[in-house]
Amino acid sequence: MARIAIYPGSFDPVTNGHLDIVKRGLKLFDKIIVTILYNPGKETLFSVEERLGMLRESVKSLSHIEIDRYDGLLVDYAAKRKAHAILRGMRAVSDFEYEFQMALMNRRLNREIQTVFLMTGLRWIFASSSIIKEAARFGGNIEGMVPPLVLEKLKIKFGQKQEDS
Ligand code: PNS
């Protein structure tokens with residue numbers, strides 16, 4: 001039976017740190033479904049459609065990856081997709097409490113689905129979508145931290161570049 005993991009998140013926008021987790025996750029799972037879910041604690045910069053587009057473009061060279069969205073509980077989605085695990089990246093100590101709470105709540109909601117954490121690669125340890133957006137907003141160079149398409153979209157979003165017609 002194929003081992004399926006859901007890699008959930010806001011992906012606002014997808015970063016090279018996220019892609020590192022996806023690629024490493026593929027060594028553990030037969031298929032990874034990268035799913036955009038709603039985080040009530042975050043206001044997003046990009047629409048769901050924009051985030052889906054950036055994710056699709058960023059993983060187009062990879063096999064055994066699907067991109068999706070879901071409006072509801074993560075564990076319900078995982079059960080619907082017959083997934084065995086929820087995959088999350090863990091950066092530094094600061095991520096731990098939030099991730100621990102979420103994993104325990106998800107376990108309480110559905111005991112059949114395991115949360116698996118991969119430690120973020122050292123290169124990406126401080127590369128959150130939020131900090132990248134902040135640097136980009138003020139014209140900071142974030143090349144190499146996000147896929148090229150995301151870099152372009154951030155420049156357009158912050159008025160540093162015109163959209164190609
Ligand atoms: O990238 P993020 O914002 O840290 O991802 C958090 C996300 C979207 C995975 C989380 O907020 C989520 O699972 N949202 C859907 C609702 C849900 O199931 N919440 C967790 C249990 S209450």
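Predicted model: local features only at pLDDT ≥ 70, side-chain atom pairs only at ≥ 80, totals over all residues.
Residues are numbered from 1 along each chain as its sequence is written, and side-chain values use heavy atoms, with hydrogens and water left out.

Trainee: How far is an N or O atom in the side chain of Ser 10 from an oxygen atom of the ligand?

Mentor: A polar contact is a pair of N or O atoms within 3.5 Å; within protein, one must be able to donate a hydrogen and the other to accept it, and residues adjacent in sequence count only if both atoms are side-chain atoms. A polar side-chain atom of Lys 42 lies 2.8 Å from a ligand oxygen, and one of Tyr 98 lies 3.1 Å from a ligand oxygen. For the side chain of Ser 10, the distance to a ligand oxygen is 2.5 Å.

Trainee: How much of the ligand does the protein bury?

Mentor: Accessible areas come from the Shrake-Rupley method with a 1.4 Å probe, and for residues only the protein chains shown count as cover. Taken alone, the ligand exposes 540 Å², and the share of this that the protein buries is 82%.

Trainee: Is Phe 126 buried or exposed?

Mentor: Buried means under 20% relative accessible area, exposed over 50%, and partly exposed in between, with a 1.4 Å probe and protein chains only. Because its relative accessibility is 57%, Phe 126 counts as exposed.
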